[in-house]
Amino acid sequence: MHCPHCRNTDTRVLDSRVSEDGSQIRRRRNCQDCGKRFSTVELMQLTVLKRSGAGEPFNREKAVQGVRKACKGRPVTEDQLACLGQEVEIALRATGLAEVQAHEVGLAILAPLRDLDEVAYLRFASVYRAFESAEDFETEIAMMRSERAAVALPTG
């Protein structure tokens, strides 16, 4: 680790703290040459394994980009899309895996998108799940209605 003040590579860790969600480690460091202190944050690298077998770092914006197309013309704001992207990344990191299949990214998008906008969800799901007919849409809508009805039933 290079000191940001003098670029010396001889630094000592004074304190390490794990974030509440366990995804980051904050380290307080001291430069052995100039004596100045600084902090670093380490973040677990999340890799997405594509169908081709190639891996690439998870890119939240890339995940949101596909959702943005599904939300075109819908009352969904950029802030809501940013929150959805964050929610997807948190869900993927919560698995504890350093590598996830590209398919898992799509699955992680579906639930928060459904909560955000059902029409956008149907658009995204139709492409992601390769709907082939109006019947596929009808089946998905029927499932959504039955789940909504199950949630609406009073318990007790």
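Is Phe137 buried, partly exposed or exposed, and at what relative accessibility? In this predicted model, Phe137 has a relative accessibility of 33% and therefore counts as partly exposed.

Two aromatic pairs are present in the structure. In one of them, Phe124 and Tyr128 are stacked, with 5.9 Å from centre to centre and 15 degrees between the planes. Both residues belong to helix H4, which spans residues 118-128; because they are four residues apart in this helix, about one helical turn separates them. Phe124 is buried, its relative accessible area being 12%, whereas Tyr128 is partly exposed at 26% relative accessibility. The rings of Phe131 and Phe137 also form a pair: their planes stand at 90 degrees and their centres are 5.0 Å apart, so this pair is edge-to-face.

The charged end of Arg114 sits over the ring of Tyr121, at 5.7 Å from the ring centre.

The largest pocket holds about 760 Å³ of space. Its lining consists of 24 residues, and those nearest the centre of the pocket are Arg51, Ala102, Val105, Gly106 and Tyr128. At least two lining residues come from each of strand E4 (47-49), strand E5 (55-57), helix H1 (60-70), helix H3 (102-116) and helix H4. Helix H1 makes the greatest contribution, with six residues.

Key
Residues are numbered from 1 along each chain as its sequence is written. This is a predicted model: local features need pLDDT of at least 70, side-chain atom pairs count only at pLDDT 80 or more; totals for chains, interfaces and linings use all residues. Side-chain values use heavy atoms; hydrogens and water are left out. Rings of Phe, Tyr and Trp (its six-membered ring) pair if their centres lie within 6.5 Å; planes under 30 degrees apart count as stacked, over 60 as edge-to-face and the rest as tilted. Buried means under 20% relative accessible area, exposed over 50%, partly exposed in between (1.4 Å probe, protein chains only). A charge sits over a ring if NZ of Lys or CZ of Arg is within 6 Å of the ring centre and within 35 degrees of the ring normal. On a 1 Å grid over the protein atoms alone, a cavity is a set of points where a 1.4 Å probe fits but cannot get out, and a pocket is an open set with protein on both sides within 12 Å along at least five of seven lines; lining residues have an atom within 4 Å of a point. Grid points are joined across faces, edges and corners, and a volume is the space filled by probe spheres set on the points.
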